[in-house]
Amino acid sequence: MTAPIGASEGALTMSSKRLSVTVTRRLPDPVEIRLRELFDVTLRDDDTPLSEAALIESMQTCDVLVPTVTDTISAAVLGQAGARLKLIANYGAGVDHIDVQTARQRGILVSNTPGVVTEDTADMTMALILAVTRRIPEGLAQMQSGDWDGWAPTAMMGGRIAGRRLGILGMGRIGQAVARRARAFGMQIHYNNRRRLRLETEEALEATWWDSLDQMVARMDVISVNCPHTPATFHLMNARRLKLMKPDAVIVNTARGEVIDQNALTRMLRAGEIAGAGLDVYEHGQDINPRLRELSNVVLLPHMGSATREGRIEMGEKVLLNIKTFDDGHRPPDLVVPAML
Ligand SMILES: NC(=O)c1ccc[n+]([C@@H]2O[C@H](COP(=O)([O-])OP(=O)(O)OC[C@H]3O[C@@H](n4cnc5c(N)ncnc54)[C@H](O)[C@@H]3O)[C@@H](O)[C@H]2O)c1
Ligand SMILES: O=C(O)[C@H](O)CO
């Protein structure tokens, strides 16, 4: 039986056969409407992150949970989930907030939303590279404060990105989309990845492979972090590795904050040992080192890499497809298995 589109949760008429789906955050309207059409869905009225207790409560009676990056689904949380919970259909590509291994051990599948976030996040990576190297926020601040004295030969000089070496850490979907864009800007593409790309892909991207991350980091003008946060990538850019960077190099991160040691980065930016940084994601969520905010050579964004209207609807469509496929008795197309991490 299909529930009326847009009906309030309480007014829905549902067959007991419909999957019970609980969503932890507000999603774009078309996605919520379609969820209502297809499933016995519980949606949120407000849009604040759930407390751990509320998250556990929401996992008690549903078959499927739709969480986001703001929900930490640890082993302890999974241990208190209801027996009905069989699928965690994450709204987002990154799944580092979910203990995928424990979920698997408990027979709970995990899916995510890769691919549809690729182009938007790569755009934002380029935007950060340009913003930091060409001092766009400083220029904007000057205009907004009314302090601009007019053009001058030595004013607001940044660095040219054409011809510069870009080192991509994590050459997956987003990393490769960054490479395509950066090539168009005349940058030289270098990368380190868990596995080397196929030669034809490498050639198409005109990318140079570095087996040694240390050696790549030491030679790049710009480092772009595009690998997931996993136990193996936590603080991959630690103090020792950040010190290998050239003093005139910059680093951008649109992946996950945990890949960079935020305090070490802040110290080195302040000391002028790294020329600049562009960050969309942070090691401790919103709890950003206040010293990072004070630096003029740093551009900070509020985790908005995938934030386009189109992308956020497509992420919802992926969630719907994963749940529907599971409901039809098949393997969700975007299943995440521990071996992938
Ligand atoms: N800022 C945002 O809004 C936003 C949006 C989407 C995705 N993301 C983040 O970006 C990450 C990457 O997304 P994707 O779609 O490109 O993923 P992907 O799986 O396609 O690519 C990740 C790449 O990182 C590589 N990698 C993994 N571990 C590595 C290691 N130890 N050393 C070197 N390389 C390693 C993998 O081999 C893979 O090629 C996501 O996991 C997510 O955390 C952020
Ligand atoms: O991983 C992603 O898709 C974004 O960072 C939101 O979680």
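1. In helix α5, T118, E119, T121, A122, D123, T125 and M126 meet R173, I174, A177, V178, R180, R181 and A182 of helix α7. Contact here means heavy atoms within 4.5 Å. By class, this contact has 6 nonpolar, 3 polar and 5 charged residues. Ala, Val, Leu, Ile, Met, Phe, Trp, Tyr, Cys and Pro count as nonpolar; Asp, Glu, Lys and Arg count as charged; the others, Gly among them, count as polar.

2. On provenance: this is a predicted model, where local features need pLDDT of at least 70, side-chain atom pairs count only at pLDDT 80 or more, and totals for chains, interfaces and linings use all residues. Residues are numbered from 1 along each chain as its sequence is written, chains are lettered from A and ligands numbered from 1 in the order in which they are written, and side-chain values use heavy atoms, with hydrogens and water left out.

3. Geometry of the α5/α7 pair. Helix α5 spans residues 118–133 and helix α7 spans residues 173–184. They pack at an angle of about 50°, with axes 8 Å apart. Axes are lines fitted to C-alpha atoms, for helices over the stretch in contact, and angles run from 0 to 180 degrees between N-to-C directions. The two helices are therefore oblique to each other. The crossing of α5 past α7 is right-handed.

4. P30, V31, R34, L35 and L38 in α1 meet R312, I313, G316, L320, I323 and K324 in α13. That contact has 7 nonpolar, 1 polar and 3 charged residues.

5. Ligand 1 has 23 residues around it, of which R173, I174, N193, T254 and D280 come nearest. A residue counts as near if one of its heavy atoms lies within 4 Å. A side-chain N or O atom of D280 is 2.8 Å from a nitrogen atom of ligand 1. A backbone N or O atom of G172 lies 3.3 Å from a ligand 1 oxygen.

6. A polar backbone atom of A93 is 2.7 Å from an oxygen atom of ligand 2. For G94, a backbone N or O atom lies 2.8 Å from a ligand 2 oxygen.

7. Check R256 against both ligands. A polar side-chain atom of R256 lies 2.9 Å from an oxygen atom of ligand 2. A polar side-chain atom of R256 also lies 3.4 Å from an oxygen atom of ligand 1.

Definitions and conventions:
Helices (H or I, at least four residues) and strands (E, at least two) are DSSP runs, numbered from the N terminus. Angles under 35 degrees count as roughly parallel, over 145 as roughly antiparallel, 65 to 115 as roughly perpendicular and the rest as oblique. A crossing is left-handed if the near helix is turned anticlockwise from the far one by less than a right angle, and right-handed if clockwise. A polar contact is a pair of N or O atoms within 3.5 Å; within protein, one must be able to donate a hydrogen and the other to accept it, and residues adjacent in sequence count only if both atoms are side-chain atoms.
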